[in-house]
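Welcome! Keep the picture open while you read.

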Amino acid sequence: MHERGLRFLLVSVLLVDGDAHAVLTAPRPRLVLPDPGIKLEPFSDARNLANRGCGGKTNEDPGVQVPTVAYQPGKPVRIEWKLTIPHPADNLDTGIRVAIHYGPNDSFDKNILIGGLEGDPNFVDRTGDGVIDNAIPAAGNGAVANDLVATLVTLPAGKTCNYCTIQWIWAARADDGFYMQCADIAITTTGLLSQGYNDGTIPSEAGNELPQNNPDAGTTPGGNNSGDGGGGTVIAVVAGLAAVCAVLLAFYFFKRRSASPNSPPKPFTGVSVSRPAGGLPPGWTSAVDPASGRTYYSNPMTNETSWEPPAAVGGGGLPPGWSEARDNASGRVYYVNSATGASSWEKPRI
């Protein structure tokens, strides 16, 4: 049978059987899987396999890739996945888990950023309502195929690395399987990628199952390793407190603004859903206000909400979500994407 016809038949069978499927889309995964993604089995193996790595050959995992994006410690990261085949029975069972690996003794099981898997500490139903208290749904009710679903996670403060691995997993009990992918990133004090990946001053981890680097060996844009030391820890704590205060103030003013009947409601903070055909800039999603039936738009990275669709193209000849900044140490101009946390020395193209 022709390959295209065979793939169509396979997807049709999966839809009839009610299998769930999803693939990670951001941060960019090690391997961009074709739809509908790879199902790993059985459900009961999800936690053990997730705590060991990224699925290996069964998941077509190619091993560590050189990071193409950097983030800052203590800052939010937007995790996005495409729900290629919805499965309402599993949307809010155990839901999804996002974790990060820093090194051999500081791996996924010690760094769960959001959600969890059956067997994880404190991942239980304390209220007795049949729903695990801190479960994060894989999608909302009424999800359709190819919905883009996103949530925010916050990186631990004070930890930097040349190679780190973010792991996303959705364990689907009713489907008796799970879906897992990994993305390799850098975490630096400035949120910029080092030149060391190009000039060889950062030893390559490419091809390893998981990074082996020292989690305290951070990088600067110039490519020099720099431990934070005690001063860095104090700065991280102060920065963290400042960030908390800023979030509380933003929430206070947002609540006041939302009290007005002309202001859009505060969007659900667990996951947000956007339709790929919506033509929105990166980071923006649309939703319907149940009180008025009107569509509103929100950006979870900036806490913005609006009744009007956001502009599709950013200023300065940059793609949506990108802005220009200057590195104080070198004086060089670099570019930052507020929606994804990505940064680049090279000007991104529209």
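Let us begin with Glu118, which sits in the loop between strand 5 and strand 6. Keep in mind that the model you are viewing is predicted. From this loop we will move to the sheet, then to the nonpolar cores, and end with the disulfides.

**A loop residue and its partner**

- Is Glu118 buried, exposed or partly exposed? Its relative accessibility is 44%, so Glu118 counts as partly exposed.
- The side chain of Glu118 makes a polar contact with the side chain of Arg173, at 2.6 Å.
- Along the chain, Glu118 and Arg173 are 55 residues apart, while their C-alpha atoms are separated by 9.9 Å.

- Which order do the strands of the five-stranded open sheet follow? The order is 2-8-7-4-5, and the pairing is mixed.
- Strand 2 and strand 5 are the edge strands, each pairing on one side only.
- Strand 4 and strand 7 run antiparallel and are joined by six bridges. Two examples to look for are His101, whose bridge partner in strand 7 is Thr165, and Arg97, whose bridge partner in strand 7 is Ile169.
- Strand 7 and strand 8 also run antiparallel, with ten bridges between them. Cys161, for instance, has Ile187 in strand 8 as its bridge partner.
- Strand 7 and strand 8 form a hairpin with four residues between the strands, and here Asp176 takes a positive phi near 55°.
- How many residues of strand 7 are buried? Twelve of its twelve residues are, and strand 7 is described as mostly covered.

**The nonpolar cores**

- In soluble globular proteins, nonpolar side chains tend to be buried together.
- The largest nonpolar core in this model has 37 residues. Those with the most contacts inside this core are Ile79, Ile96, Val98, Ile100, Trp168 and Trp170.
- Several strands each supply at least two residues of this core: strand 1 (21-26), strand 3 (76-85), strand 4 (96-101), strand 5 (112-115), strand 6 (147-154), strand 7 (161-172) and strand 8.
- Which strand gives the largest share of this core? That is strand 7, with six residues.
- Leaving aside neighbours within four places in sequence, its contacts include Ile79, Asn111, Ile112, Leu113, Ile114 and Val153. Val98 also touches Ile166, Gln167 and Trp168.
- Another core lies apart from the largest one; it has 13 residues, among them Val23, Phe43, Leu117 and Ile169.

**Aromatic pairs**

- The structure holds three aromatic pairs.
- In one of them, the ring centres of Trp170 and Tyr179 are 5.8 Å apart and the planes meet at 45°, so this pair is tilted.
- Trp170 and Tyr179 are both buried.

**The disulfides**

- A disulfide is a covalent bond between the sulfur atoms of two cysteines.
- How many disulfides are there in this model? The count comes to two.
- The angle about the S-S bond of Cys54 and Cys182 is -95°, and the link is left-handed. Both of these cysteines are buried.
- The other disulfide joins Cys161 to Cys164, with 1.8 Å from S to S. This link is left-handed too, with -130° about the S-S bond.
- Are Cys161 and Cys164 buried or exposed? Cys161 and Cys164 are both buried.
- If you number the bonded cysteines in sequence order, the pairing reads 1-4, 2-3.

Notes. Residues are numbered from 1 along each chain as its sequence is written. This is a predicted model: local features need pLDDT of at least 70, side-chain atom pairs count only at pLDDT 80 or more; totals for chains, interfaces and linings use all residues. Side-chain values use heavy atoms; hydrogens and water are left out. A disulfide is a pair of cysteine sulfur atoms within 2.5 Å. Buried means under 20% relative accessible area, exposed over 50%, partly exposed in between (1.4 Å probe, protein chains only). A nonpolar core is a set of buried Ala, Val, Leu, Ile, Met, Phe, Trp, Tyr and Cys residues joined through side-chain atoms within 4.5 Å. Contact means heavy atoms within 4.5 Å. Rings of Phe, Tyr and Trp (its six-membered ring) pair if their centres lie within 6.5 Å; planes under 30 degrees apart count as stacked, over 60 as edge-to-face and the rest as tilted. Two strands pair if DSSP finds at least two bridges between them. A polar contact is a pair of N or O atoms within 3.5 Å; within protein, one must be able to donate a hydrogen and the other to accept it, and residues adjacent in sequence count only if both atoms are side-chain atoms.
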